[in-house]
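Me: I would like to work through the helix packing and the nonpolar cores of this model, one question at a time.

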Amino acid sequence: MLQAIRFWMSLEGVSFITAALIHFGLLIQGYEHEKASIAESVIAVVLVIGLAWTWMMPRSIRRIGLATQMFALLATLVGIFTIAVGVGPRTAPDIAYHIGIVAILAYGLIVSARA
């Protein structure tokens, strides 16, 4: 079960890295958004650092998983709020990504809580 926490954190980290690269305009053109790219980068860094900590502090994997994924979920909910009020990017891929990543983060939190 502890490896599952690492798996979900890895998946989430890669997802946020990819989203940031898209919003920086490095993977796909036309979806650039500076504030979104910065926010996604911060979330990705937190997840990647948390993942590294799971190897440095193996007795704390559960707590690290809960803390980092909760941060990512709360930050993503802020992103959804910015979309709703018209500040964040409002494209169909952005909305779909946020819905999908919330589900993934929620499941990752469930996995961490049950570990």
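Me: At what angle do α1 and α4 pack, and how far apart are their axes?
Reply: In this predicted model, the geometry of the pair comes down to two values. The angle between α1 and α4 is about 160°, and their axes are 9 Å apart.

Me: Are α1 and α4 roughly parallel or roughly antiparallel to each other?
Reply: Angles over 145 degrees count as roughly antiparallel, and α1 and α4 pack at about 160°. The contact is made by residues that include Trp8, Phe16 and Ala19 of α1 and Ile101, Leu105 and Val111 of α4, and α1 passes α4 in a left-handed crossing. The two helices, α1 and α4, are therefore roughly antiparallel.

Me: Which helices do the buried residues of α1 pack against?
Reply: Helix α1 covers residues 2–23 and reaches 32 Å from its first C-alpha to its last, close to the 32 Å expected. Among its buried residues are Ile5, Trp8, Met9, Phe16 and His23. The buried residues of α1 pack against α2, α3 and α4.

Me: How many residues make up the largest nonpolar core?
Reply: Phe16, Ile43, Ala72 and Ile101 are among the members of this core, to which α2, α3 and α4 each supply at least two residues. Apart from it lies another core, of seven residues, including Trp8 and Val111. The largest nonpolar core is made up of nine residues.

Notes
Residues numbered from 1 in each chain as written. Predicted model: local features only at pLDDT ≥ 70, side-chain atom pairs only at ≥ 80, totals over all residues. Heavy atoms only, no water. Core = buried A, V, L, I, M, F, W, Y, C linked by side-chain atoms within 4.5 Å. Buried < 20%, exposed > 50% of the residue type's maximum accessible area, 1.4 Å probe, protein only. Helix = DSSP H or I, 4+ residues; strand = E, 2+ residues; numbered from the N terminus. Expected span 1.5 Å × (residues − 1). Contact = heavy atoms within 4.5 Å. Axes fitted to C-alpha atoms, helices over the stretch in contact; angles between N-to-C directions. Parallel < 35°, antiparallel > 145°, perpendicular 65-115°, else oblique. Left-handed = near helix turned anticlockwise from the far one by under 90°.
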